[in-house]
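Please open the structure in your viewer and keep the selection tool at hand.

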Amino acid sequence: MEPRFLLLSDVAVELNVSDSQVYHMVRSGELPAIKIGGRGQWRVERARLEEYIAQKYAETSDWVRDNPLVDRDPE
């Protein structure tokens, strides 16, 4: 069974980005997370991460639709 909550370092591995990029995403509110414990350690719920990924796929699809690839070397 996969854990419900992930460390920021686990999220970074899942997204293939740096720990600092994930921290910025959390602090900016882009990626929902919670602080736990006396030292305020960040955790990201796996379901929220999956929602974030789905949202990014939708945003990318919209961007691709609105920015079609055009041939730069007309024949």
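**First stop: a strand and a surface patch**

Select I34, which counts as partly exposed because its relative accessibility is 37%, a value that is neither under 20% (buried) nor over 50% (exposed). Please bear in mind that the model is predicted. I34 belongs to strand β2, residues 34–36.

**Second stop: helix α3**

Next, select residues 46–66, which form helix α3. This helix has 21 residues, and the distance from its first C-alpha to its last is 30 Å, close to the 30 Å expected at 1.5 Å a residue.

Which residues of α3 are buried? They are R46, L49 and Y52. These residues lie on the same side of α3, because they cover an arc of only 110° around the axis. To see what they pack against, display β1 (5–6), α1 (8–15), α2 (19–27) and β3 (41–45).

Side chains of opposite charge can pair when their charged atoms come close. How many salt bridges does the structure hold? There are seven, and several can be visited in turn.

Select R48 and E51, whose side chains meet in a salt bridge with an N to O distance of 3.3 Å. Both residues lie in helix α3, three residues apart, which is about one turn of the helix. R48 has a relative accessible area of 38% and is therefore partly exposed. E51 is likewise partly exposed, at 46% relative accessibility.

Move on to R65 and D62, where the side chains form a salt bridge of 3.0 Å, N to O. This pair also lies in α3, with three residues, or about one turn of the helix, from one to the other. Is R65 buried or exposed? R65 is exposed, because its relative accessible area is 55%, over the 50% cut-off. D62, at 35%, counts as partly exposed.

**Last stop: a network**

Finally, select E30, K56 and E59. What links these residues? They are joined in a network of salt bridges.

Conventions. Residues numbered from 1 in each chain as written. Predicted model: local features only at pLDDT ≥ 70, side-chain atom pairs only at ≥ 80, totals over all residues. Heavy atoms only, no water. Helix = DSSP H or I, 4+ residues; strand = E, 2+ residues; numbered from the N terminus. Expected span 1.5 Å × (residues − 1). Buried < 20%, exposed > 50% of the residue type's maximum accessible area, 1.4 Å probe, protein only. Arc of directions from axis to C-beta. Contact = heavy atoms within 4.5 Å. Salt bridge = Lys/Arg side-chain N within 4 Å of Asp/Glu carboxyl O.
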